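Me: I've got a protein model open and I'd like to walk through it. Can you take my questions one by one?

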Amino acid sequence: MEMKELYELFLQHPTITTDSRDVPEGSMFFALKGDTFDGNAYAISALEKGAAYAVIDEKEYTKESNDRLILVEDVLTTLQQLAKYHRVHLGTPIIGITGTNGKTTTKELISAVLKKKYNVLYTQGNFNNHIGVPKTLLQLTKEHDIAVIEMGANHPGEIKTLVEIVLPDFGIITNVGKAHLLGFGSFEGVIRTKGELYDFLRVLQGTVFINNDNPHLLGISNGLKLVKYGQKDAKDLLVKGELVECNPFLKFEWQTSSTLTPQLSTVNCQLSTVNCQLSTVQTRLIGSYNLDNALAAACIGTFFNVPATDISAALEEYTPSNNRSQLTITQDNKLVVDAYNANPTSMRAALDNFRLIKAEHKMCILGQMGELGDVSEEEHQKVIDLLGDCGFEKVWLVGENFAKTAHPAHYRLFANVEEVKAAIATEKPQGYLILIKGSNSNKLVQTVELL
C-alpha cells in the first residue's frame, strides 16, 4: 500500500494504538515487535476488539479473506513515515526539545506558557522515543496552533532519526551532561548526539532557543539563528532571570531585554514592543536548577508574544506530578521526590540544592546511577565526596555501585529498594526533610508512601 493510501485510511481512523489490550473502536492497530513480543500475533485480536485496520509486517499472519490487514515491509518504519507524512501535510509549527536533564520539565513549562495563548499539542509524560514521538505527531489536528515535541536519546544518531521525523521549525537543548555514557561512549558523544537537533535546524535555517550561560551549547551553535536567555548579563538576551530564593520552592525574577521579529507567519508571534517590566514568579518547583527551565519557557513564551503576566501566571500555576522535583508532605516527613532519573549532573544539582534548604533534620536516600560505563566508579565516588560536604544527618545509599565506594561508616548501604522498605518498616524516620533521588530502575518511588 502506498503511503498516500495509508494516510487516507488514517484520516478516516485517526486513533492509533500499538497495544492489543487497549483498542479503541475504529482505531488503527500497528503491530510493533519487541524483545519479548510480536504484535503481528495480536493483529486479528485487535480487529475483533474493534480496530478498523491492523498494520502488520509478517506475511504468515495475513488472511486472504480479511482486507483489514495491511501488510507492510516494517511496521515501525511505516508508523514513523506516516507520522512524518501527517506532520508535513498539516504544516503545524513545531518546537523540538532535547537535553540531558530537565527536558521533560521544560517541555511541560513551555507548553503551560504557550497554552495561555495557543492550542498546543505536546508530548505526554516522557513518550520521547522512536515510538512515542511518531504517536504524538499523529495526534496533531488542524485545530492545533503549535506543537512541543520532546526527543530523548541514549545512543548516537537517535536525535538525528527523530528530528527527521519531527522536522522541527524551532529547537531547544536544555543542557548536556554525563548521562547514558555507556551508550554515547563519552561526554563528547552526548554533546554530538544532542547537537544533532542543531545540525538539522542549521540546514533548515530554523530558530534555536539557547541558554546563553551554557558554554557547551554555545560552542556548537555556530551558523544558527539564536534566541537567547540566561541569568548573566548579556546585551543580546531576550529574557534574563535571577534567583530570589529556593526554600524549598523556586522564586525568581525575570524580564525581557530586547526585541525580535519572528518570521513564522502561521503563528501570530510578531513582537513589536517588548514589556521590560520586572516580573516576580513564585513557582511550585523545587530546585534552583529549575530556574534555567523556567527561563526557557519565559523566553519561548515571549518570542511567541504571550503576555508577560500570562507567562508568569503559567509558571506559578504549574505543579509537578511526575516524581521530578516535587514536594510531598506526609504525616511524618517532608519529601523532596526526584526519583525518575539520575546522572552525575542531575545528582550534583539535586544535592547542591537540597543542602541549601533550611530544615532541622535532613536525610537523603540515593539510588545508584546507571549506564555510566567505565566512569561509573569515579562518578559514584564523586557523589560520596559531595555528600561529605553536605553534612546530612542520615544518608542511605542503594545499589552495588555505591557499595564499591569509599564512604563513611555511618552511611547505610542497601542492595535494593526492598531492603530500604524493610528498614523503613522497622525504623521509620520521623521529622525529617528527605531527598529521594535516583534512576527510575532503583524504584525508589516505592518508598514515598512508606515515609
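This is a predicted model: local features need pLDDT of at least 70, side-chain atom pairs count only at pLDDT 80 or more; totals for chains, interfaces and linings use all residues.

Me: Take Met151. What is it in contact with, leaving aside its neighbours within four places in sequence?

Reply: Met151 is in contact with Gly96, Ile97, Thr98, Lys103, Asn128, Val133, Ile159, Leu162, Val163, Val166 and Leu197, once neighbours within four places in sequence are left aside.

Me: Helices next. At what angle do H1 and H3 cross?

Reply: Roughly 75°. H1 covers residues 3-12, and the two axes come within 10 Å. Angles from 65 to 115 degrees count as roughly perpendicular, so H1 is roughly perpendicular to H3.

Me: Which residues make that contact?

Reply: From H1 they are Met3, Lys4, Leu6, Tyr7 and Phe10. From H3 they are Thr78, Gln81, Leu82, Tyr85, His86 and His89. By class, that contact has six nonpolar, four polar and one charged residues.

Me: Now H13 and H14. How far apart are their axes?

Reply: They are 11 Å apart. H13 is residues 344-356 and H14 is residues 376-390. They pack at about 5°. Angles under 35 degrees count as roughly parallel, so H13 is roughly parallel to H14.

Me: Which residues touch there?

Reply: H13 brings Pro344, Met347, Arg348, Leu351, Asp352 and Arg355. H14 brings Glu379, Val383, Leu386, Leu387, Asp389 and Cys390. By class, the contact has seven nonpolar, no polar and five charged residues.

Me: How many residues of H4 are buried?

Reply: Twelve of its twelve residues. The buried ones include Lys103, Lys107 and Glu108, as well as Leu109, Ile110 and Val113. H4 runs over residues 103-114 and reaches 16 Å from its first C-alpha to its last. That is close to the 16 Å expected at 1.5 Å a residue.

Me: What about H11, how many are buried there?

Reply: 13 of its 14 residues, so H11 is mostly covered too. H11 spans residues 290-303 and reaches 20 Å, close to the 20 Å expected.

Me: What follows H11?

Reply: Asn305 follows H11, and its phi is positive, near 65°.

Me: Where else is phi positive in a residue that is not a glycine?

Reply: Gln205 has a positive phi of about 60°. Gln205 sits in the loop between helix H9 (196-204) and strand S9 (207-211). Lys443 also has a positive phi of about 60° without being a glycine. Lys443 lies in the segment after S19.

Me: Is Gln205 buried or exposed?

Reply: Exposed. Its relative accessible area is 61%, and the cut-off for exposed is over 50%. Lys443 has 46%, so Lys443 counts as partly exposed.

Me: Which peptide bond is cis?

Reply: The one from Asn247 to Pro248, with omega near -5°. Pro248 lies in the loop between strand S11 (237-246) and strand S12 (249-256).

Me: Last one, Thr92. Why does it count as buried?

Reply: Because its relative accessibility is 5%, and buried means under 20%. Thr92 is in the loop between helix H3 (75-90) and strand S5 (94-98). Not counting residues up to four places away in sequence, Thr92 touches Arg87, Leu140, His144, Asp145, Ile146, Ala147 and Asp169.

Conventions: Residues are numbered from 1 along each chain as its sequence is written. Side-chain values use heavy atoms; hydrogens and water are left out. Helices (H or I, at least four residues) and strands (E, at least two) are DSSP runs, numbered from the N terminus. The expected span of a helix is 1.5 Å times one less than its number of residues. Buried means under 20% relative accessible area, exposed over 50%, partly exposed in between (1.4 Å probe, protein chains only). Axes are lines fitted to C-alpha atoms, for helices over the stretch in contact, and angles run from 0 to 180 degrees between N-to-C directions. Angles under 35 degrees count as roughly parallel, over 145 as roughly antiparallel, 65 to 115 as roughly perpendicular and the rest as oblique. Contact means heavy atoms within 4.5 Å. Ala, Val, Leu, Ile, Met, Phe, Trp, Tyr, Cys and Pro count as nonpolar, Asp, Glu, Lys and Arg as charged, and the others, Gly among them, as polar.
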